[in-house]
Amino acid sequence: MKSWLRANKGFIAFLMLFGLFRTAVADWNPIPSASMHPNLLEGDVVFVNRLAFDLKVPLTDVVVAHLGEPQRGDIVTFSSPLDKTRLIKRVIALPGDTVAMQKDQIIINGQPAGYSMPSQAVEAIDHVGTLQALQLTEKSGSSERRIQLLPQVVSSKRDFAPMTIPQGSYLVLGDNRNNSFDSRYIGLVPREMLIGRAERVLVSADIVGNWMPRTERFGMALGGQ
């Protein structure tokens, strides 16, 4: 074993440095579900900037320094406050905001979001079947993004009472509003549980279809929309 370690110490050092890089600087995150339709698809692999918000001790949630502030519209990865599962959602409300939802419409600080440019789509859900979907543009202040609604899903939380977001916490939602396990179910996300900001699609393959690469999505920028 000692001779093997000596012979491979360069490779071992590379693996250790690579591991530290992934846990402290940058990472990638596969998209396993439909919760961010229509903007992220199953089979996308997104680049995550771990230094967008905080510098942390590798392999921990211990914050060494604040490097930036999450913005409304950022797509973020984080550890679920419910069970520590890694999730990816969009920041909708910031500390100090008062936010509510009424019949799928977001209301922030008394201002209802605007919706426009609807288009028809379909979505297949396991054990449910193929449902009609409505894709439209949601605009709240200077933040704008495409979202998806599923009018036929009756179990979705389409309403919640006004709440003021406390300091150090964020309300996050999936863009696929009626098929997303987000702050309506897991609660607000504390800042220290944020992992980083998803900035672009690295590669993509149609994992729910024919597994062919979707080259048109390679390198696609996400940004705060």
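Residues are numbered from 1 along each chain as its sequence is written, and side-chain values use heavy atoms, with hydrogens and water left out. Because the model is predicted, local features need pLDDT of at least 70 and side-chain atom pairs count only at pLDDT 80 or more, whereas totals for chains, interfaces and linings use all residues.

The chain contains three helices and 16 strands; helices (H or I, at least four residues) and strands (E, at least two) are DSSP runs, numbered from the N terminus. Of the 225 residues in the chain, 44% are buried, where buried means under 20% relative accessible area, exposed over 50%, and partly exposed in between (1.4 Å probe, protein chains only). The accessible surface of the chain amounts to about 11700 Å², and carbon and sulfur atoms account for 61% of that surface. Accessible areas come from the Shrake-Rupley method with a 1.4 Å probe; for residues, only the protein chains shown count as cover. Among contacts (heavy atoms within 4.5 Å) between residues at least 6 apart in sequence, 56% join residues at least 24 apart.

Strand β6 spans residues 86–93, and seven of its eight residues are buried. Strand β5 (residues 75–79) pairs with β6 in the antiparallel sense over five bridges; two strands are taken to pair if DSSP finds at least two bridges between them. In this pairing, V76 stands opposite K89 of β6. The hairpin of β5 and β6 has six residues between the strands, and K84 in this hairpin takes a positive phi near 70°. Strand β6 is also joined to strand β14 (residues 169–173) by three bridges, and these two strands run antiparallel. Here R90 stands opposite L173 in β14. In a regular strand the side chains alternate between the two faces of the sheet.

A search of the whole structure finds 14 salt bridges, a salt bridge being a side-chain nitrogen of Lys or Arg within 4 Å of a carboxyl oxygen of Asp or Glu. One of them joins R90 and D175, with a distance of 2.8 Å from N to O.

R177 forms a salt bridge with E138, the closest N and O atoms being 2.8 Å apart.

Because D44 is in strand β2 (residues 44–49) and R214 is in the segment after β16 (194–204), the pair ties together parts that are 170 residues apart in sequence. D44 is buried at 0% relative accessibility, and R214 is buried at 12%. D44 and R214 are linked with D206 and R217 in a network of salt bridges.

K56 lies in strand β3 (residues 54–56) and is buried, with a relative accessible area of 12%. A polar atom of the K56 side chain lies 2.6 Å from the backbone oxygen of E192. The side chain of K56 also reaches the backbone oxygen of L194, at 2.6 Å. Leaving aside neighbours within four places in sequence, K56 is in contact with D61, V62, V63, V64, E192, M193 and L194.

I107 is found in strand β8 (residues 105–108) and counts as buried at 14% relative accessibility. With neighbours within four places in sequence left aside, I107 is in contact with T98, V99, A100, Q102 and P112. I107 and S140 are 33 residues apart in sequence, and their C-alpha atoms are 8.2 Å apart in space.

How values were computed
A polar contact is a pair of N or O atoms within 3.5 Å; within protein, one must be able to donate a hydrogen and the other to accept it, and residues adjacent in sequence count only if both atoms are side-chain atoms.
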